[in-house]
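Subject: Structure handover

Hello,

Here is the structure we talked about. Please open it first, then read my notes below.

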Amino acid sequence: MDPKLAEVSQLFERFKAACAREDVDTCCNVLSKLKVLLTGFSSLPPLFEDTPNAIHELTLARDIYEHAVLLSVKIGDQDAFERDFFQLKPYYTDASSRLPPSSQEYMILGLNLLRLLVQNRIAEFHTELELLSSTALENPCIKHAVELEQSFMEGAYNRVLSAKQTVPCKTYDYFMDLLAKTVRDEIAGCSEKAYGYLSVSDARQMLLFSSDNELLQYIKEEQPEWEIKTGQVIFQKAKESASCKEIPSLQLINQTLSYARELERIV
Amino acid sequence: MAATMVSSAGALLAMLNETHPQLKQHALYNLNKFVDQFWPEISTSVPLIESLYEDEEFDQHQRQLAALVVSKVFCYLGDLNDSLSYALGADSLFDVSEDSDYVHTLLAKAIDEYASLKSKAIESNAEEANVDPRLEAIVERMLDKCIMDGKYQQAMGIAIECRRLDKLEEAITRSDNIHGTLSYCINVSHAFVNRREYRREVLRLLVNVYQKLPSPDYLSICQCLMFLDEPEGVASILEKLLRSGNKDDALLAFQIAFDLVENEHQAFLLNVRDRLSVPKSQSSESVQPKPSDPEPTQNENSTASEDVPMTEGSSVSTATVQETDPNEAIYAERLTKIRGILSGETSIQLTLQFLYSHNKSDLLILKTIKQSVEMRNSVCHSATIYANAIMHAGTTVDTFLRENLDWLSRATNWAKFSATAGLGVIHRGHLQQGRSLMRPYLPQGGSGGGGSPYSEGGALYALGLIHANHGEGIKQFLRDSLRSTNVEVIQHGACLGLGLAALGTADEDIYDDIKSALYTDSAVAGEAAGISMGLLMVGTASEKASEMLTYAHETQHEKIIRGLALGIALTVYGREEEADTLIEQMTRDQDPILRYGGMYALALAYRGTANNKAIRQLLHFAVSDVSDDVRRTAVLALGFVLYSEPEQTPRIVSLLSESYNPHVRYGAALAVGISCAGTGLSEAISLLEPLTSDVVDFVRQGALIAMAMVMVQMNEASDSRVGTFRRQLEKIILDKHEDTMSKMGAILASGILDAGGRNVTIRLLSKTKHDKVTAVVGLAVFSQFWYWYPLIYFISLSFSPTAFIGLNYDLKVPKFEFISNAKPSLFEYPKPTTVPTTTSAVKLPTAVLSTSAKAKARAKKEAEQKANAEKAAAAAESSSAAANTGKDKSSNEKDGDSMQVDSQPEKKAEPEPSFEILTNPARVVPAQEKFIKFMEDSRYAPVKLAPSGFVLLRDLQPTEPEVLSLTDALSSTVSPAGGSAAGQQGSASAMAVDEEPQPPQPFEYTS
């Protein structure tokens, strides 16, 4: 076997071992080394050169990146997730004809969809969705994300939160927590617009908190501009008072008419 | 297995965000490879890559790579400025030899940028251009690459544009065809280099390169030197050639001289001539005999010889030298010839002979005009005289005047002035006998008795016209006449004459004489003096202009101001940017007349440059000035600025020609007339056509004249509208109810249409694309006829004969044939008019009968002459027959050929041949030039492959006796033709100059 490839596989084993030990620092270090080593292979994207070990290298690289993605979920680093996912993606899309499909593919795709949902990047979410085949859409991982999005769009926030119980995979938990927060932010944003104030209990119900304390905690951390007075939550509306300008229609009409009169007189 | 293609740059962009620098490098490297495909995706991440470029800690090479990627993305986004600045950051990674859209686009951008920076720096007179050295490096790499790849023209273009003369020189010297590249470069520098100073630098460089060549192209060098105004260089080249033992070199020298003469730069030519060194053993007398003032009582013979001091003096010298060193003798002999050429005498003489012998003017047209013009209408009467003068310009044929002395005598006052001056146009270039011709009208010394001041003034003006631009012999006389009179009419004539004769010589003494005439503050004399000062100082940009401007502010007379305004404009002729201060001063003046002069200054300073700034300025004045005169002139001036690109003019003035303001329309018509003169350009004709039936009379006048200028020398075969136009002219002239103005226009137009016996055209550019000073100045003053009709005669300065005149070593015209590869009918003379069957059938027959009889007689005479010539030729040949019979036979065959072709146009039934054999000297109209071919088996080979003008012929069989065509024919034909009019023969003058056509005998009309 190619010594370079051997080195990579060896390192990869160490990485997996570290993962199993949940030794995050070692994982990150090894992963970084692995990525650098991978740049040495010309069979990998974006070059896709046909080398004798191409299939093997591609599979290995895909494995590495899949682990990288999962690692990033584990440590809750969304940026790293995004980076690693994009680097993984060509293996699913462009190299799909040459590689046996990966068992983790749909799970990771679903994760990505979820991430987009969490980050409230709905446009990209749909772009990604369009790129998937119909069989992929049937996959429970994907389906879960799609249903979530539908509920999210409908405003059925309770359904979103309850979906947490039905996650197809443990790794989804991280994003589901985040999603709950996203949903809450969304609700908070709407209530701000819709109401001048709300009683604390109503607000608690509205924001789907189980206790008043949780609500107070939330307000303190996320919405410092809300005020709590005498059992009421008062939303600050002052900032959006920028009124739209009125069109001086009467003046304009008068002016136009006088122009027309003058024109007629000239002719 | 099919190659897998990557479908998105997302992975690479994600990799850029990795923390490890090696990953970033990898990503950048691959992005650079795929940027052409994925630039839309990458464009969103440009800020990220930019930050990589600016990251100081990053590896240098990687930073450049980042810059390159960003540059490419910006290029695709269409933001070339940013793209360029990043490409500069990429430094050596930006590969000029790469064949991609990106590189091409950016290179173009870089060169543009560099060129504009350079020229801006030079325009603001900064010592060193503040140019990014990296930008310079890119341009230099590009230039080097062009030179390496053998794309020399490209390299030269870029080098000129970027003002990199060092690179230009390198490109030229390293090219494989240096002569080709050099001539290309000369063309480019004239067509595309706008600033005069810079053009001079380029040309100086070219001259240097030329001189380093093993076999220099002297013709081109001398043209460049002339533009640079360096007579020493030309003189030394000419001398070297003349001193060479090879006859061909001498021929080349003659050819150079002729080419220089064509540009009509009198002061320069005189300078060259005076710098040619004198043969060693020669006495000082031949250097420059001062023109002596001949006594009026002297006989004609001696007067003639005195008038030509050059030929006279040098012929004496050759006689004395011949006994000394043979080399020196040869040199002296050649020197004599070349001096003759440089002084313009040789070419003028030959032109005169050509115009005389080929004169095809149609007297019937004049006769028709004369009859239809009302007796008492003096405008049309003098217009007819003008038309006659223009029609016969330079042909010395004054039959019409002689036949109509009675009619002529109706001209009084100023009409008489111009009638007399008209003789000058007819005898233009008749240097030897000009004085004797005009003697009856000239002021008679101190006695003052004789003629009226009008004819005397006119005669002085006529002398100026005869000697225009070659006034060495006549200057003194004109000065004396100016000083000895205080009649303003005579002063007027003398001033004009002096200005013409001493055109562009910047002679201080003459200037002072004219100035004193100006300071008499007489309107009539002052106007002429103003113009004359300008003529004298043409193109010198001398300090005198401010003096003239001051006086223009002082005087009360509009005429004087106008004369001075034009004069000032003339002084800045061709100075381009140098004239800007003066132009600014004039165009901002309160006085509309001075602003009007400013327009002329713009026109003349930027003549033929098509300079955008000048055009913009003129257009601005054409629509914004309050004075009609200024607006008219501004539009007219466009014609001068654009004459080097006649195709442009109709487009530029087409809107103005539809202006509501008739003055602007008039200006538009003349602008087209001036810039498209002699081209017969179809667009020009289409633009002028509606104007010839304008509602305003003077617009019609202008349009008719302009149309004639455009159509000069065209016949119906090449454009059917010519025939229509001729008929239109006839109709206007015959129409009793037509306005005087347009009638005058029509009469003048018929004159211009058949100018110079149908053998001249209006040409403002010489064949080497240099401007012809005299011609441009002539047209500029001509356009003044709006205010002063006698100035119409200035148009004769812009006439140049459309002839091929081949000359042998002795500067004689040998028999030589060449081919014109086009149907003869395309370029033949317009058919002579026949019996007009339209109106007044009762009145006309008598007139027609007499002329047709005359025409017949003339035809007969011509036939006789031809026969004579044939006989002479045959005789000459038979004398040589003994020596070489075989050759004789072949040349006889040739004779037969030419005869056959000559007679072909008469036989209508035969299909027209597709070519025509022309015999030296031949009429070759400008449009015909591209069809001219020289025969390979001919006895003579041209030194320069020029289709028209003066061409020196190398004799390939020098041992055989030569058959001369022009001189031979003349010696036998002169007597009947010259004598027919006057009926008497000047035997004395015939002795004086053998090969000259006879001067018609002086005649006098009773006033």
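Two strands count as paired if DSSP finds at least two bridges between them. The strands themselves (E, at least two residues) and the helices (H or I, at least four) are DSSP runs, numbered from the N terminus.

Two points on the basis. This is a predicted model, in which local features need pLDDT of at least 70 and side-chain atom pairs count only at pLDDT 80 or more, while totals for chains, interfaces and linings use all residues. Residues are numbered from 1 along each chain as its sequence is written, chains are lettered from A and ligands numbered from 1 in the order in which they are written, and side-chain values use heavy atoms, with hydrogens and water left out.

The sheet in chain B

Four strands of chain B make an open sheet, ordered E6-E3-E9-E8, with mixed pairing. E6 and E8 (940-942) are the edge strands; each has a single partner strand, so one side of each lacks a neighbour in the sheet.

Take E3(B) (residues 803-807) and E9(B) (residues 949-955). They pair in the parallel sense over four bridges. There, B:Gly806 has B:Val951 in E9(B) as its bridge partner. With E6(B) (residues 922-923), E3(B) runs antiparallel, joined by two bridges. B:Ala803 stands opposite B:Arg923 in that strand. E8(B) and E9(B) are also antiparallel, with three bridges. One of the pairs is B:Pro942 with B:Leu953.

E3(B) is largely enclosed by the rest of the structure, because five of its five residues are buried. Buried means under 20% relative accessible area, with exposed over 50% and partly exposed in between (1.4 Å probe, protein chains only). Both faces are covered: B:Ala803, B:Ile805 and B:Leu807 on one side, B:Phe804 and B:Gly806 on the other.

The interface of chains A and B

The contact (heavy atoms within 4.5 Å) takes 18 residues from chain A and 20 residues from chain B. The two chains bury about 1,700 Å² between them, 64% of it on carbon and sulfur atoms. That area is the accessible area (1.4 Å probe) lost on putting two parts together, summed over both. A:Thr39, A:Pro46 and A:Arg83 supply 32% of what chain A buries against chain B, more than any other three residues.

How many salt bridges link chain A and chain B? The count is zero, with a salt bridge being a side-chain nitrogen of Lys or Arg within 4 Å of a carboxyl oxygen of Asp or Glu. Helices H2 (24-38) and H4 (78-93) of chain A each supply at least two residues to the side that touches chain B. H4(A) gives the most, with six residues.

Best wishes
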